Structures are given as C-alpha cells and as structure tokens.
Amino acid sequence: MLKQVEGSRAVAEVVAKCRPNVISAYPITPQTHIVEDLASIVGRGDLDAEYVNVESEFSAASVVLGASAAGARAYSATTSQGLLLMSEVIYCIAGMRLPIVFTIANRAISAPLSIWNDQQDSMALRDAGWIQLHAEDNQEAADLHIQAFKIAEETHLPVMVCMDGFILTHAFEPVDVPDQKEVDNFLPPFKPTNIVDPRWPRGIGLFADPRFYMETRYTLHRAMEKSEETIKKVSEGFAKAFGRDSGGFIKTYKLKDADVVVISMGSIVGTIKDLIDQLEEEGKKVGLLQICSYRPFPRREIYNSLKDKMNIVVVEKSISLGRGGILASDVRWSFPRAEKKDRNISSFIAGLGGRNITKNDLRYMVEKVEKEPVELEFLGLKKELISEKDL
Amino acid sequence: MNQNAEELNKVEKKDLFTSGHRACGGCGQALAARLVQDASGENTIACVATGCLEVFSSPYPDPSWRIPFLHSLFENASAVASGVEAAYKALKKGPVNIIAQGGDGSTADIGFQSISGMFERGHNVLYVCYDNEAYMNTGVQRSSFTPYGARTSTTPMGNKTRKKNMPLIAADHGIPYVATATVDDFRDLQRKVKTALSIEGPKYIHILAPCPLGWGHHGELTVQICRLAKDTGLFPIYEIIDGKLANVKKIRAKVPVEEYLKLQGRFSHLFKKGGSKETIAEIQNIANQNIERYNL
Amino acid sequence: MAAAELLSIAAFKDGKFSQAFPSFGAERVGAPVMAFVRIDDKKIRTREDVQNPDYLIVQDYNLIGSVPVLDGLKPDGLILVNTELKPEELQLKTTAKVETIPATEIALEIIGRPIPNAIMIGAFCTITGLISLDAVQEAIMGKFPGRVGENNVAALERAHEIMQKR
C-alpha cells in the first residue's frame, strides 16, 4: 500500500513482514525509530518474534549470531559507533556464513562526535565478508530488505542494507509497503542448513590452524564474487513480483551520450539526477552510474558501461585517511592499466558529518573536471575553519 | 575522612558547569552535574560518557565546562578515567579529582564492562551516575535502570524487568565508598561528593535525576518526585562505607507507590482502563522489599 | 518536524508528491529543530537542505531574534509566525509577505495543550491554497485518533476562519 511514511517506519514494517524470528538491537541515533517501531509491532502482537533488548551493540550482534546459528531468521540494525563496537562479531558472522540481515543507518564516526550522515561506517567494514547494498531512496530501502533476506539465505552470506541516516531514515516520502501475502510469496520460510541442534551435532566456529585457515577465506571471497548472480536474479525477480526496479548491481541515468560521468551511491544520487536534468537543459551532457551493490564490487559492470567514457568523477561520503577516496580507488581499479592513460577519474569527498550537498556544489564539481582532472578534493571545504599550518 | 563537618555541609556555588547549555527545561541531570562539579572544585578532570549530559553541554565551539573535560565514547568513560588516573600516577602529578560521569547506559549497560574493571583494579576515580531510568538522549529507550512497569519507546507495553541494583554491585567490588542521592537535596548530594573525593580508591555515587520529558511530568514537579521516590521506598538513600551500610535515610511517613506513579506519564497506562493492578502491586512489593532490606 | 510530517502527509493525500525531513536532527529530545518540506506534482529526487524556501513557518516566535530565520527566504515568499502580534508589529526586514496567527493561544483554548501544529498548517494552507483543508483534516485524523484528532481539526477550522477574514 502506498503511503506517506517515515523511512524508518517503512523499513520496520517491511522487516516485520519478512517474519524474522529474533530481533536484537541497541538504540543508536539515527537507527532508533526503526527498532522502536519494531518493538511496537512485536509488542502489539503483529509479529511473533523474540525481541531482545540488549545492553550494547556488541551484544546485539552476538545475540543475532547465536539465534541464526540455532536456525532462526535474525535481524538487527545499527550505525557508526555501534557498527564499529560490534565489528568483531561482524567478522564472526561472515566467517560462520550466517545469513543475517542488518540495516545500517549510515552515520559519521567519532571523534569528533557526529550523529549525522556519511558512509564512513559501512565503509569501515567493507572487507568483512558482508554483502553491502545501498539504497537511493526510502522505497528502495524498504525493497532491499525483502531482497536481502532472500539473497542472504541463498548465498549463506550476511547482508547490510545501507541507507543514509537522517536523510533517508527520518525523511517522510511516499513508499509502497507491500502486504504480508506479497512478501510471503516472494520470500519463502528460512530453511537453515548449518545450525547447532542436538539432532545433528556439529561444531560452528572451531579454530583453524595454518593448515586450514586460508581456504576458508578463499571460499568466502569466491562466495562473495558468485553472489553477484544471486543479487541480480533476486532483483529481477523482485521487479517481476512487485512491478518496480529495485536493487541489483548498478543503475545508470542518461549515460549514453554523456561527456562527463558521475559515479556515486546512496541518497546523493537523487540530487545528482536533478542536476543532470538541469545541465541537460543548458546543453551539457552529464550521466550517472549509480552503485547499488558495493560489495561485491561491480568492477566488470563499471568497466563495460564506461569503456568509452573518458571523463569520470567519483563523489563519495567516505575517505581512507592517509590515502584518499575509497570508492574512487575501487573505480580506478576497475579499468585495466592500459586503458587508464587518457581517461580522467577524479575523486571528490562530500557530505562528511552530514554536511549539506547542494546542486551548486555538484555543479562546481562537474565544471571543474570538465577543465582538468582532480586527484582528490573535499567538496565545499571551509578553509576559514582550518588553521594556516594545517592546510 | 578528615574534612570537618562545616566544610562538608556547605553548599558550593562555583559555576564550574556553567549556564548556556542546551538541556531541556527542568532537567534533573543538568542540576546534578552542576552540583557535582561545584562540590569537587577547580582541581577536577571530568571524563564524561556520551549521553544527554555530554550532548547538551559540550558542542563545539561553546561547551559549558570550565574545568578540563574529556569525552571519548559511550561505553568507556570509566576506562578512559582509569587511563587519566594512571597517567597522573606515572608522571607523579596531582593530586587531582578525576570524576567519570555518565547515565544509565554508560554505567550499567554498554559501559558495565569498563566500570567493573575500574572498580576491580582499584583506580582512584569517583564515578557519578546520573540515573534517569532510560536512554533519554537517543529517545527514551529502556535501560537496565528502567523500573518495573515503566513505559519506554522499546518497552511500549511496560518494562518487564527489575531495576538493576548498581550501588550494591559497585559495593560488592569491594570499593571503599558508595552512596545514593537525589537532586532535590543539594546539601546531601554535595556532602557525598566531597566525602567520596576525600577517600583514596574507586568511589561510586548514584544520583536519581528525573527527566521531565522522558518520565512525563512538569519540570516544577522534579523536587516532589524525588521526595516521593524516597518516601515510597523505591529509591533508598544510603551510604556504604568500607562495605557496611551507613547513614540510611529513614522514611518518616511511608507513602503508597501510587502517589509517585500517578504523577508520571510513563506510568499512566497503569491507571487507565485495562491498566494492570498486578503491576502496581508488584511495584509496591519492590518498594516494600527495599524498606525491609535497607531498614528504611 | 511533527508539523512538517503533517504537511507532507496532507500533500500526499491531495495527490501531490511530498518530501519532509529534519535539519540537524538534534539527538536530545526537546531541542529546537528546523524541518524542510518540498511539495511538487512530480517525484522529488533531490536531498539538499531547502536553502531558498518559498514559505517559512515559524512555530516559536522567540527564534526570530536569536536565529537568522529570514536567511534565504525568497523575496516574494511568505513567512507565517506563531504570535499574538500583528505582522507590522514584528518589524521584519523582508520583502516577503508576513502573516501571523496566535496559534499557541488557540491551541490552548481548543485543544488544551500548547501544540500549535494544526493551527499553523491550517493557516498556511488557507493563505497559500497549496493544500486542501480536507487533506489536512484527513492527515490529522490519521495521526491522532479520537478526541485529540477532533480537537485538532476544530483548531484547524478556527485557523482557517481567522485567515479567511484577513
């Protein structure tokens, strides 16, 4: 049913319809509305699940790990500090191949303390062996959760659905929340295979000495690579069942004749599309390549879509301190060395700590790369706040 | 304890935690924080956890703290304070009052590990807990200090667990001084802070700090609510000195818990149609158990 | 934010596309907040803060002295302030249209609580004609069932009456 609803609420309703058996989370802004709404849904009896109020994110992740290992469909949500606090468990969950689904309400990382949006948090855990999907708007955020459970349970890989904190979680916009029957038709009951159960005794989480460890990492890496097929298949299946495009690997917008291509992910994509249309009216041809699946990374898709594009600019809400743009790095790596020579791939860092990103900022970015490539630039940096010696 | 009675009982006003912060009107914690800092004096380092206090008092560029202030994360104020103490020891600096401060979560939940460690290792740190009985800063979600029956945003049907007894847990670590206090009695609260700071080793003070917004009452009722918390037996006032219960504040006239509960929106569901008499009875039972246990 | 939410739901019920979100969403409950609303006939994609609003609704009159409220307001825009003062008495330096309504007082009288949202939105819709009163009414009843909703609708109607007379 289409309704004007807060992003968090849409996600909570959709997650409830995915029939998780165990939910455990620790409140942290800006995820709080999601877990509160789920508490209400369970409290009212609209969802038959165990809702475990824990004392920290570390425990939340640990509870869902145990629940999943015992055969339950398990869910949690966190962000920023919470995600970092539970990072040990995040790696454990992937190593144990547990099909857990998390919502990450993307938020900046302390210090200094910031409760506002950027994507440093999920980026910090990009190597942990979780599938990471990024939502463009609240409709996609809701849809991706349904897809996430299906992808997780087919690939035996945990999935993070990333949505920009406040910008999406706290925004009211129209979302079509599917009804229970539609979700049930698309997402069958969880059939766990690798669980702790006295009927089939097995050990989960044994230690591996140097003779055995490496192969587990190889298997996990290959599983991530192979999950591409499932991610695409589930997205296509979703489109057939629900009548709208959601998820998948990448999406493109006015790419065909573009002279400059912008690459990004998350809610900023909406602002970029508006700018592209504006520039089109002015006679400029700019296109967008939007990344939905960040892990596994859509290297081949990027290369194939942008083979003939010579002016690419990556704008991201994250940074590898001491190195530069993370997404930009990944994109630069997508082109073989021989084809890098005349191709400009510029890197911009934007929106850290919730800094507002305007169409004018993005316009400045496009106009700059039209003139020359940019190795690394922070968009909208306020130099007056930085002391001379630190510039 | 070698401070004279006159000094201990003087109410200090030094404005070390100054006005202009962004707390809600009627905030119990803001009042308590001001009293604590003033009782401690200028020679103090405050290690504050993430929470209401930190958020409303320390935004860049205008914090309210006129003493040194260190904020790291939600769960590590005690561990950070332990580090400050270790540095002062190693560098043979000081003496200085190191006060770790936090609310429900940073004391008893996410920060439980680090406070237990701080107590167990015997650091010379005073920990002050501002107990507003939920995670107020992030939107009134339940904590392990949320009392039985209280409604929060994650216990919409009423909390089903008992309040964790942090003062006794602290005492059982074998620390030399533990005290409970409420924000309405300035003299008592500051006396306890000064007493604690005169003792070497880990100290714990647990302050009941009503939150008008989260508890659902008018700011003007804060004092009355504190009094009722005490007179019902729900929040006992005492000290534990070297493991022995001392200076228990007796109840002059016992008050039934309903008098306390009905003033607060978070308990209003108990008095509406379909409200649970069993829950109120259980809350009364908890109060009665406290009265017996602490001989109130 | 509650008012922004109400406005966006009303716009939705009128068949429009609407987006509402908080600015600097303060983590501490009870802090002053700014919220943005966009209304359009087609899908809204941008996520920027609204920096040049057509309309400005000020729910707390005290903000006017302490916060640069007028920044960015379009020269031919509208500012609606919750106050008993008349527009001229505010002495605002702006070319935009200035309107006032004593929303808190009306709320206390009709709803019994100083929550001005329904009145502000009602006044706003009457002045601008942007959204139908019916849609606002539906939005209110959807969010506040029973007597609370009815009281808010009554307050909405009073706001409409007052603004129509102006």
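What follows is a set of questions about this predicted model, with the reasoning behind each answer.

Q: Why is chain B called as compact as a globular protein of its length?
A: Start with the radius of gyration, which is 18 Å for chain B. The globule rule gives 19 Å for 296 residues, and 18 Å is close to that, so chain B counts as being as compact as a globular protein of that length. Its C-alpha atoms fill a box of roughly 65 × 45 × 35 Å along the principal axes.

Q: What makes up chain B in terms of helices and strands, and what share of its residues is buried?
A: Chain B has 12 helices and eight strands. A residue is buried if 20 or more other C-beta atoms lie within 10 Å of its own, and 53% of the 296 residues of chain B count as buried. As for contacts in chain B with a separation of 6 or more, 68% of them are between residues 24 or more positions apart.

Q: Where is B:Lys254, and which residues does B:Lys254 touch beyond its neighbours within four places in sequence?
A: Look in the loop between strand S8 (244–246) and helix H11 (257–261) of chain B. Leaving aside neighbours within four places in sequence, B:Lys254 is in contact with B:Asp231 and B:Gly233.

Q: Why is A:His156 called partly exposed?
A: Partly exposed sits in between the two cut-offs, 12 or fewer for exposed and 20 or more for buried. A:His156 has 17 other C-beta atoms within 10 Å, so it lands in the partly exposed class. Its phi is near 55°, again a positive value in a residue other than glycine. The spot to look at is the loop between helix H7 (138–155) and strand S7 (159–164) of chain A.

Q: How do you know that the peptide bond joining A:Thr29 and A:Pro30 is cis, and where is A:Pro30?
A: Check omega: for the cis bond joining A:Thr29 and A:Pro30, omega is about 5°. A:Pro30 is in the loop between strand S2 (22–25) and helix H2 (32–44) of chain A. Most peptide bonds are trans. There is another cis bond from A:Ala111 to A:Pro112, with omega near -5°. A:Pro112 belongs to the loop between strand S5 (101–106) and helix H6 (120–124) of chain A.

Q: Why are H4(C) and H7(C) called oblique?
A: Helix H4 (residues 103–110) and helix H7 (residues 146–165) of chain C pack at about 135°, with axes 10 Å apart. Roughly perpendicular stops at 115 degrees and roughly antiparallel needs over 145, so H4(C) and H7(C) are oblique to each other. Their contact includes C:Ile106 of H4(C) and C:Ala155 of H7(C). By class, the contact has six nonpolar residues, one polar and one charged.

Q: What makes H1(C) oblique to H5(C)?
A: The axes of H1(C) and helix H5 (residues 117–128) of chain C cross at roughly 45° and come within 9 Å. Roughly parallel means under 35 degrees and roughly perpendicular starts at 65, so H1(C) is oblique to H5(C). The crossing is right-handed.

Q: What makes up the contact between chain C and chain A?
A: 18 residues of chain C meet 21 residues of chain A. On the chain C side, S1(C) gives the most, with six residues. That side divides into six nonpolar, six polar and six charged residues.

Methods:
Residues are numbered from 1 along each chain as its sequence is written. Chains are lettered from A and ligands numbered from 1 in the order in which they are written. This is a predicted model: local features need pLDDT of at least 70, side-chain atom pairs count only at pLDDT 80 or more; totals for chains, interfaces and linings use all residues. Helices (H or I, at least four residues) and strands (E, at least two) are DSSP runs, numbered from the N terminus. The radius of gyration is taken over C-alpha atoms; the globule rule is 2.2 Å times the number of residues to the power 0.38. Two residues are in contact if their C-beta atoms, placed from the backbone, lie within 7 Å. Axes are lines fitted to C-alpha atoms, for helices over the stretch in contact, and angles run from 0 to 180 degrees between N-to-C directions. Ala, Val, Leu, Ile, Met, Phe, Trp, Tyr, Cys and Pro count as nonpolar, Asp, Glu, Lys and Arg as charged, and the others, Gly among them, as polar. A crossing is left-handed if the near helix is turned anticlockwise from the far one by less than a right angle, and right-handed if clockwise.
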